[in-house]
Amino acid sequence: MHIINLKEAVAVGKADSGLIYVNSEPQIRPGRKDYILGDLMFKGQIVQFRSWESDVLEILREHGKGIYKAETLGQEYKNFKYLNIRSIDLYSDDAVTKEDFQDRVPTSELENNWSTVLCQLQERGLSDICRQLIDDILNDPELEGRFFTEGAAVKHHDNQIGGLWNHSSKMLRILVALLDNNKELLDSVDLMTFSIVVHDLGKVFEYDALSMSEHWYANHRVRGIEFLVKYRDRIIETYSEEFYRQVQAVIAGHHGEYGDRPTTVAAVIIHYIDSLESQATELLREQEAAPQSKFINPGFGYLESIMPDKNF
Ligand SMILES: [Fe+2]
Ligand SMILES: [Fe+2]
């Protein structure tokens with residue numbers, strides 16, 4: 001059965017029918033007539049749906065996240081495009097699964113990038129002890145291998161299988177460039193590398209296969225710090241209490257002005273690396289998803305797409 005391509009289906013006035021994946025718990029909003037709204041996902045694209053049909057509302061309220069057969073209509077309200085669900089039915093077959101709606105970074109690409117960047121860091125002084133610590137933590141049974149499969153976000157940058165690993169790997173590449181530009185950072189290569197690897201590790205608990213987990217509200221900074229307590233004695237014995245506290249400060253402060261105020265230089269630098277990586281990736285994702293070359297960015301308003309050199 002045909003999966004609805006959200007990018008095409010959201011065009012105003014376009015009617016489509018096929019399979020959809022509801023990626024968040026739908027919410028009911030009061031209005032002249034109560035309506036239900038939530039998010040649909042298809043290959044990294046997230047599009048909001050709304051419906052005013054009472055049977056759609058009932059079915060979604062009862063069954064929540066999952067795959068459905070639906071009839072949709074692209075609509076717009078104050079420049080905001082969404083899909084109106086006209087009718088819906090449960091999808092009970094198993095030919096199409098959740099994975100068919102999710103995007104993924106190829107595993108071979110992730111593995112190559114990861115081993116390459118760690119070698120580059122070792123050339124710049126990353127210790128074998130740190131490399132071993134990273135491997136042991138990421139393969140801790142409690143994580144069930146999900147550092148390697150979870151998304152870096154649900155709606156934004158790298159919201160795909162392998163996205164968290166990809167995001168962390170890309171940040172390490174930026175760190176390599178910084179180590180070459182600012183030699184005084186070389187003395188802290190273990191701290192910087194280790195802190196980047198664990199800065200978003202708590203997303204394994206905040207998210208659940210590219211959607212919010214049951215306990216999402218205790219955010220990934222809190223959960224990351226909590227998880228790392230398990231390794232506290234080993235980190236303090238290997239390095240010092242100072243090192244451990246510095247790592248905690250990075251996890252707590254890496255959102256900069258959008259979270260707890262950073263309290264260390266490492267936390268601020270990693271906040272900048274994190275913002276550069278995630279925002280550049282997000283901008284290119286928004287550009288890719290935009291039906292026209294001009295699109296609205298939440299931070300800066302209207303932006304014109306970047307032009308490939310061959311078009312000049
Ligand atoms: Fe984060
Ligand atoms: Fe991050």
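Two strands are said to pair if DSSP finds at least two bridges between them, and the helices (H or I, at least four residues) and strands (E, at least two) named below are DSSP runs numbered from the N terminus. The views show a predicted model, in which local features need pLDDT of at least 70 and side-chain atom pairs count only at pLDDT 80 or more, while totals for chains, interfaces and linings use all residues. Residues are numbered from 1 along each chain as its sequence is written, with chains lettered from A and ligands numbered from 1 in the order in which they are written.

**View 1. Strand 1 beside strand 5.** Strand 1 (residues 15–22) and strand 5 (residues 66–77) run antiparallel and are joined by eight bridges. Within this pairing, G18 stands opposite A70 of strand 5.

**View 2. The hairpin of strand 5 and strand 6.** Strand 5 is also joined to strand 6 (residues 80–90), by 10 bridges and in an antiparallel arrangement, and here G74 stands opposite L83 of strand 6. Two residues lie between the strands of this hairpin, and K78 in the turn has a positive phi of about 50°.

View 3. An α-helix has 3.6 residues a turn, so residues three or four places apart point the same way. Just after helix 2, G64 takes a positive phi of about 60°.

**View 4. Where domain 1 meets domain 2.** The chain is divided into domain 1 (6–99) and domain 2 (103–287), with bounds that come from an automatic or database domain assignment. Six residues of domain 1 are in contact with seven residues of domain 2, contact meaning that the C-beta atoms, placed from the backbone, lie within 7 Å. The side of domain 1 that touches domain 2 has one nonpolar, three polar and two charged residues, with Ala, Val, Leu, Ile, Met, Phe, Trp, Tyr, Cys and Pro counted as nonpolar, Asp, Glu, Lys and Arg as charged, and the others, Gly among them, as polar.

Key: Two residues are in contact if their C-beta atoms, placed from the backbone, lie within 7 Å.
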